[in-house]
Amino acid sequence: MLCSSFSISRLAIPSVCILIAFLAYTSQPFFLYFEDAPLTKDEVWRINILAICIWICYYRSCTVDPGRVPKDWAPADRKQLEADQASGRQRWCRRCEAFKPPRAHHCKTCRRCIPKMDHHCPWTTNCVSHFTFPHFVRFLFWAVVGIAYLETRLWVRVSKIWGSRNLPSYMGPSMGQIGHLFILFVTNSMTLFALTLLLLRTLWSLGSNTTTIESWEIERHETLLRRARRFGGSLIGPGGVRVHIAKQEFPYDIGILSNIKAGMGGSANVLSWFWPLARTPNRSTGLEFEENGFEDPTVSWPPPDPDRIPLPPSNQRNDSTYGNKDISSNIEVEAFRKRQEADLRRRRGLAEVERRKPFHARFDNTSNESSDADSDIQNEDSDHGEEGWKNSEGERLRDFGVDEEVEFYDEEDIPLAILIQQRKKQQQLSH
């Protein structure tokens, strides 16, 4: 399965290149020899200029590095990190063994945390991120403009043929020309429809300053809010922990014009937003983002989620070892490992009801409420917590390229403070 997926991904870029070449370059010989409406000079330079813009933007979308988090990057507020981890806002990447900046996610294909990751695009085999998003927008824009122009030129020829449909066949184009025109017209129309929808969705994301992943998170938050209203504003997380769910505003929507400026590399020059050779955003950016200030500064995104809260082992809930400053780091780590091993052995013998379950499964065991609520809750058809949750379009985070295994907490998570200590020791040993 993996080999098959890898083979398909290798064919993505050649397939797109073939499609661009077919539409841009086989149409011109057809127009040239179409006697009823031959190719004009204006059509020649317009088609080829638009094709050049498409090629440049597509090349840059495929080849520009989507970025990476600097090796030694760390947020300034460590106390806020601990609070984030306790509430299910993961700021530590277990794959990279490093901090994750706001809006960053670990891409399972690129195998690293990507700054402001939107999604991993299968057609560019590259991440759409803080650094590649402007090129991706330009590619979609010029592709839609170029294909729309070609559509008008094809429509002129189709109209000519339809107008002469009652004439003898020898007075019109040959069957080869008609077949070529039919394939061009159908392919161009379908491509135009698909790319127009994608461009509109991308422009909406640009105007609201949301990534595809963040749109998924917003929908998840709204779903949890609907559920929480029925239970007094809180939901039960793993281990019986009650998680308060309050409406939280998306922090990065700073106004349409400012959103567009931020999404297009920070440039206020409108012409540069469309210029195919515009610069890639400065590599020093992408780690911090302006916020609208609607929420308390100590509140971070994404909002709390009961399926992201780490499950505390029962023999650690009243344990104050981590708060004892007199214990050395070595003893602390070793004590944690011993408790973790003991807890793992204990949990292997537990009944299914004691194991970590997603919210809808825990709900089924503790409530017999109305069928309307049940139908809302049961639309998550997986038994793997938030990792299996799907939005209204049936998409999971893994469909956007996110590595779900490291994006969400599970029972075996090591506290952030311990992870930081382990990383410091590794760095000291390496030096």
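Are arginine 157 and glutamate 43 buried or exposed? Both arginine 157 and glutamate 43 are buried. Welcome to this structure, which is a predicted model. A search of the whole structure finds 8 salt bridges, and the largest nonpolar core has 40 residues. Here is a short tour of some of these features.

- Arginine 157 pairs with glutamate 43 in a salt bridge, and their closest N and O atoms are 3.2 Å apart.
- Because arginine 157 sits in helix H5 (residues 133–163) and glutamate 43 in helix H3 (residues 41–63), this pair ties together parts that are 114 residues apart in sequence.

- Arginine 201 forms a salt bridge with glutamate 395, with 4.0 Å between the closest N and O atoms.
- Arginine 201 belongs to helix H6 (residues 175–208), while glutamate 395 lies in the loop between helix H12 (371–377) and helix H13 (404–407), so the pair ties together parts 194 residues apart in sequence.
- Arginine 201 is partly exposed, at a relative accessible area of 39%, whereas glutamate 395 counts as buried at 17% relative accessibility.

- The side chains of arginine 220 and aspartate 305 meet in a salt bridge, at 2.7 Å from N to O.
- This pair links distant parts of the chain, 85 residues apart: arginine 220 is in helix H7 (residues 212–229), and aspartate 305 is in the loop between helix H9 (270–274) and helix H10 (329–348).
- Arginine 220 is buried, with a relative accessible area of 3%, and aspartate 305 is buried too, with 2%.

**The nonpolar cores**

- In the largest nonpolar core, the residues that touch the most other members are Phe31, Phe139, Leu140, Trp142, Leu154, Leu195 and Met264.
- Two or more residues of this core come from each of these elements: helix H1 (2–25), helix H2 (27–32), H3, H5 and H6.
- H5 gives the largest share of this core, with 13 residues.
- Leaving aside residues up to four places away in sequence, tryptophan 142 touches Leu50, Cys53, Ile54, Cys57, Phe274 and Pro276.
- Another core, of 10 residues, lies apart from the largest one, and its members include Cys107, Met117, Cys127 and Ile213.

Notes. Residues are numbered from 1 along each chain as its sequence is written. This is a predicted model: local features need pLDDT of at least 70, side-chain atom pairs count only at pLDDT 80 or more; totals for chains, interfaces and linings use all residues. Side-chain values use heavy atoms; hydrogens and water are left out. Helices (H or I, at least four residues) and strands (E, at least two) are DSSP runs, numbered from the N terminus. Buried means under 20% relative accessible area, exposed over 50%, partly exposed in between (1.4 Å probe, protein chains only). A nonpolar core is a set of buried Ala, Val, Leu, Ile, Met, Phe, Trp, Tyr and Cys residues joined through side-chain atoms within 4.5 Å. Contact means heavy atoms within 4.5 Å.
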